[in-house]
Amino acid sequence: MPDLVVKLLAHLNPQMAMVRLELGRTRLVDSGKARTQLGWRPRPTEETILDTATALIADDALGR
């Protein structure tokens, strides 16, 4: 969502007001700790997208 839209909506919506405080900030985070301490491995992006599409089609979430 464009920053301008967030700023405008922040006047009407408390949740957008919270998001507005984060505009322009850069957060540097990584998954290193989860990988080393928990052995977490992310799923491949392609697999995740295909599984999501399959689930949406199976649940008829697309309304077709």
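**Charges.** The chain carries 9 positive and 8 negative charges, and their mean positions lie 11 Å apart. I counted Lys and Arg as positive and Asp and Glu as negative, leaving out His and the chain ends. Each charge was placed at NZ of Lys, CZ of Arg, CG of Asp or CD of Glu.

**Ground rules.** This is a predicted model, so I required pLDDT of at least 70 for local features and 80 or more for side-chain atom pairs, while totals for chains, interfaces and linings use all residues. Residues are numbered from 1 along each chain as its sequence is written, and side-chain values use heavy atoms, without hydrogens and water.

**Fold.** I found four helices and zero strands. Along the sequence the pattern reads α-α-α-α. The radius of gyration is 18 Å, well over the 11 Å that the globule rule gives for 64 residues, so the chain is more spread out than a compact globule. The radius is taken over C-alpha atoms, and the rule is 2.2 Å times the number of residues to the power 0.38. Helices (H or I, at least four residues) and strands (E, at least two) are DSSP runs, numbered from the N terminus.

**Extent and surface.** I boxed the C-alpha atoms along the principal axes and got roughly 45 × 40 × 15 Å. The accessible surface is about 6000 Å², with 60% belonging to carbon and sulfur atoms. Areas come from the Shrake-Rupley method with a 1.4 Å probe; for residues, only the protein chains shown count as cover. Buried residues make up 5% of the 64. Buried means under 20% relative accessible area, exposed over 50%, and partly exposed in between (1.4 Å probe, protein chains only).

**Nonpolar patch.** Met1, Val5, Leu9 and Leu12 form a nonpolar surface patch of about 410 Å². Patch members need over 30% relative accessible area and no salt bridge; like charges are joined within 9 Å, nonpolar side chains (Val, Leu, Ile, Met, Phe, Trp, Tyr) within 5 Å. A salt bridge is a side-chain nitrogen of Lys or Arg within 4 Å of a carboxyl oxygen of Asp or Glu. Met1 sits in the segment before helix 1 (3-10). Met1 counts as exposed because its relative accessibility is 63%.

**Helix 4.** I checked two residues here. Thr45 lies in helix 4, which covers residues 45-58. Thr45 is exposed, at 52% relative accessibility. Its C-alpha is 25 Å from that of Pro2, 43 residues apart along the chain. Leu56 is also in helix 4. Leu56 is partly exposed, at 35%. The C-alpha atoms of Leu56 and Asp30, 26 residues apart along the chain, are separated by 29 Å.
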